[in-house]
Amino acid sequence: MLNVENVSLHYGAAQALRDVSFKAEMGKITCVLGRNGVGKSSLLRAVTGQHPVTSGTISFNGAPLDGMAPFRRAKQGVGYVPQGREIFPLLTVKENLETGFAPLRRAQRSIPDDIFSLFPVLQTMLGRRGGDLSGGQQQQLAIARALVTRPKILVLDEPTEGIQPSIIKDIGRAIKYLRDSTGMAILLVEQYLDFCRELADHVYIMDRGAFVHEGPPETLDTPQARRHLTV
Ligand SMILES: Nc1ncnc2c1ncn2[C@@H]1O[C@H](COP(=O)(O)OP(=O)(O)OP(=O)(O)O)[C@@H](O)[C@H]1O
């Protein structure tokens, strides 16, 4: 289980997270919803070590992650699918996947077959450059690259952003399959309410750097939850 306790995060004098606490359980999809700029990506930067926290603690399966560099967190099983995908455009699909080998021991450095069962299009495009893929294909590649690292928790930042509906469905199915077949924890940040309602086991709503609502996905339809999600 990922356990985040009383975390604050600043960019210079600007505070992006205010004393945030939450849990993401193994075998569950935990979804953080919120409008633009409320601090969702900052929360994931805190979890993955991309930005230092000002205060608070973060642990995964009992082991503290505090102060650990991102690649060490990857070795601990934290897999990250960043916003905007961050595919290497000039590397091939295969080479992009192989960048996921970095935190692995030599014996583990292979691409698991089930990645191609989840995203068959990647197998047919192994020799193509990342930059030649569509946005949806790049998103699938970004998820696959994170899976190559053999994560115990998969952290996804707005995987539906700018993606066509049919691929959003494929990504949703893949996320559910990963939860059910591997028992990994999945932490998903989203603005797309229907996607979260469909997938999440537990939801949090963030507003201005703090959580303002927490509950099962059914509670997203209450007036107070909707108030924090409408623009
Ligand atoms: N590198 C940075 N330097 C300064 N301020 C930043 C930086 N990154 C984010 N912020 C600010 O921190 C706040 C939270 O941003 P964050 O990216 O975490 O929000 P978000 O909920 O993920 O939004 P989006 O959906 O647009 O990605 C915003 O006010 C943003 O302008």
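Which residues surround the ligand? They are Tyr11, Ala14, Ala16, Gly34, Asn36, Gly37, Val38, Gly39, Lys40, Ser41, Ser42 and Gln83, where a residue is near a molecule if its C-beta atom, placed from the backbone, lies within 6 Å of it.

This is a predicted model: local features need pLDDT of at least 70, side-chain atom pairs count only at pLDDT 80 or more, and totals for chains, interfaces and linings use all residues. Residues are numbered from 1 along each chain as its sequence is written.

By class, the shell around the ligand has 4 nonpolar, 7 polar and 1 charged residues; Ala, Val, Leu, Ile, Met, Phe, Trp, Tyr, Cys and Pro count as nonpolar, Asp, Glu, Lys and Arg as charged, and the others, Gly among them, as polar. Strand E2 (14–24) and helix H1 (40–48) each supply at least two shell residues, and the largest share, 3 residues, comes from H1. Helices (H or I, at least four residues) and strands (E, at least two) are DSSP runs, numbered from the N terminus.

E2 also belongs to an open antiparallel sheet of 4 strands, in the order E2-E1-E4-E5; two strands pair if DSSP finds at least two bridges between them. The edge strands, E2 and E5 (63–64), each pair on one side only. Between E1 (residues 2–11) and E4 (residues 55–60) there are 5 bridges, and Asn3 stands opposite Ser59 in E4.

Finally, the chain contains 9 helices and 10 strands, and its C-alpha atoms fill a box of roughly 45 × 35 × 35 Å, taken along the principal axes.
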